[in-house]
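Here is a short walk through one structure.

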Amino acid sequence: MKHYYIKTFGCQMNVYDSERIADILQTLGYREASSPREADLIIFNTCHIREKAAEKVFSDLGRINLIKEERREQGKETTIGVVGCVVQAEDEQIAKRAPFVDFATGPLTYHRIPEILAKVNRKKGIPVIDTEFPAESKFDFLPQNSNSLSCAFLAVQEGCNNFCTYCVVPYTRGAEYSRPVKEIVEEARRLVQNGALEINLLGQNVNSYHGEDTAGKERPLSYLLRELAKIDGLKRLRYTTSYPADMTDDLIECHRDLDKLMPYLHLPVQSGSDKILKAMNRRHTSSDYLKVIEKLHKANPDIGMSSDFIVGFPGETDEDFQATLDIVNQVKYIQAFSFKYSRRAGTPAALLKNQIEEKVKKERLDILQNLLFSYQLKFNKDSVGKIMPVLFESRGRGRNQLFGRTPYMQNLHAELDKSCLNKIINIKITEATTNSLIGVMEGGTPCQK
Ligand code: 5AD
Ligand code: SF4
């Protein structure tokens, strides 16, 4: 029997894609290996969003080649494949910098892996590279999502037409595409039958979703959420990542009407400065963004916000950076991701003359992160003493520890019997740090079922 090992870099969409690749490989008779050394097929699912992410892929590939050589000395052949956004953007670089790679395929063509593997066997030594933007949708060719996790991802939309001037996604993931409503509802039902309690709908620009229903009518994300909320057994819904200008009133109303929709929203603002937002080609100002948040809070006063930030975008002055700090102080994010601007070849911002020095970027990132962490810590500390329903999705670090998430996506560890795994349990929060909570089962009675 042949074994595969997949290493995933980057976003949740890549995690989803890796799970689908595993499904394909299982239909081909492969089983999962516990480490790359035991694998006949090693696949890297890659990320190109920032330079650091892409460089990590190349350095890790070098290490994998050593394993390939070690295995060869033991008389075992290893196929190495690279999948995802680095392939779409740098197919020639892969052939040059990692000539030992046997195949490479972009994020929209990995459903062709069975044919690609057959070609690899025929064309020994010549890498097979497929970076087409295919006319067909990969979703029509993927085997059923066989995920059996309590906390599942479901891709509903892919690609992006926004063309933020710093971002590679419109070039690596291509134009926006929404999957039909029926296909998504069926996949969600299967996930729930396999034990999913929570489904996180994924898309690069998930709230611009406009998939067709069976009558051929285009439906927005709010419609999809309302349909999915009807599924018995499904307890929690989330969606990510949203674009501020596409937060329509019908979608905001879902946060008022749907109990299953969790009170947490990742809504990247990127910068608090209108000048920088314009240069980024974002279709919103800081006040548009704040208005959306106000409406969300009216719909559900409990909602906790999360965001992405970029510091040191070309032309960012101290005042522009201060505007970013101001928006953080207004929104008081409960979680956030922040990055130094990374100059990506092929994007319009890479050509701007007024690039910011690395030292300034680093200083601004430190200041921003300290501020963000202070709000995150405050939110977590304020959770102490509260009772929250926690979905325990995996084993924790300690022997009798389980790991779960609160409705606000906070990480939580608790000493619990393993029979509590894949259940939602009321937990009293006892301790908090910036990144996680500790809690005990409310009432202290051990989990029975
Ligand atoms: N440099 C830094 N951060 C970036 N992001 C996207 N492109 C870049 C870039 N060139 C960030 C944005 C986005 C997140 C996924 O990654 O904040 O929301
Ligand atoms: Fe990139 Fe902007 Fe599209 Fe997000 S909305 S994927 S940042 S182009």
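Start with a rule for sorting residues: Ala, Val, Leu, Ile, Met, Phe, Trp, Tyr, Cys and Pro count as nonpolar, Asp, Glu, Lys and Arg as charged, and the others, Gly among them, as polar. The model shown is predicted.

Apply that rule at ligand 2. Its surroundings are Cys160, Asn162, Phe163, Cys164, Tyr166, Cys167, Val169, Pro170, Tyr243 and Arg282. By class, this shell holds eight nonpolar residues, one polar and one charged.

Now turn to ligand 1. Around it stand Ile49, Arg50, Tyr166, Gln270, Asp308, Ile310, Phe339, Lys340, Tyr341, Ser342 and Arg344. Here the classes read five nonpolar, two polar and four charged.

Which residues make polar contacts with ligand 1? Arginine 50 places a polar side-chain atom 2.8 Å from an oxygen atom of the ligand. Tyrosine 166 uses its backbone: a polar atom there is 3.0 Å from a nitrogen atom of ligand 1. Glutamine 270 has an N or O atom in its side chain 2.6 Å from an oxygen atom of ligand 1. How much of the ligand does the protein bury? Ligand 1 exposes 410 Å² when taken alone, and the protein buries 87% of that. Two elements give two or more residues to this shell: strand S15 (304-311) and strand S16 (335-340).

Rolling a probe the size of a water molecule over the atoms shows where empty space is left. A search of the whole structure turns up one cavity of 30 Å³ or more. The largest cavity has a volume of about 30 Å³. Its lining is made of Ile94, Ala95, Ala98, Pro99, Val101, Asp102, Phe103, Ala104, Pro127, Val128 and Ile129. Helix H3 (85-97), strand S5 (103-105) and strand S6 (128-130) each give two or more residues to that lining. Ten of the lining residues are nonpolar, none is polar and one is charged.

Last come the charged pairs. Side chains of opposite charge can pair when their charged atoms come close. The structure holds 37 salt bridges. One of them joins glutamate 132 and arginine 112, with the closest N and O atoms 3.2 Å apart. Glutamate 132 sits in the loop between S6 and strand S7 (151-155), and arginine 112 in the loop between S5 and helix H4 (113-122), so the pair ties together parts that are 20 residues apart in sequence.

Conventions:
Residues numbered from 1 in each chain as written. Chains lettered and ligands numbered in written order. Predicted model: local features only at pLDDT ≥ 70, side-chain atom pairs only at ≥ 80, totals over all residues. Heavy atoms only, no water. Near = heavy atom within 4 Å. Polar contact = N/O pair within 3.5 Å; in protein donor to acceptor, adjacent residues only side chain to side chain. Areas by Shrake-Rupley, 256 points an atom, 1.4 Å probe, with all protein chains shown as cover. Helix = DSSP H or I, 4+ residues; strand = E, 2+ residues; numbered from the N terminus. 1 Å grid on protein atoms, 1.4 Å probe; cavity = no way out; pocket = protein on both sides within 12 Å on 5 of 7 lines; lining within 4 Å. Points joined across faces, edges and corners; volume = space filled by probe spheres on them. Salt bridge = Lys/Arg side-chain N within 4 Å of Asp/Glu carboxyl O.
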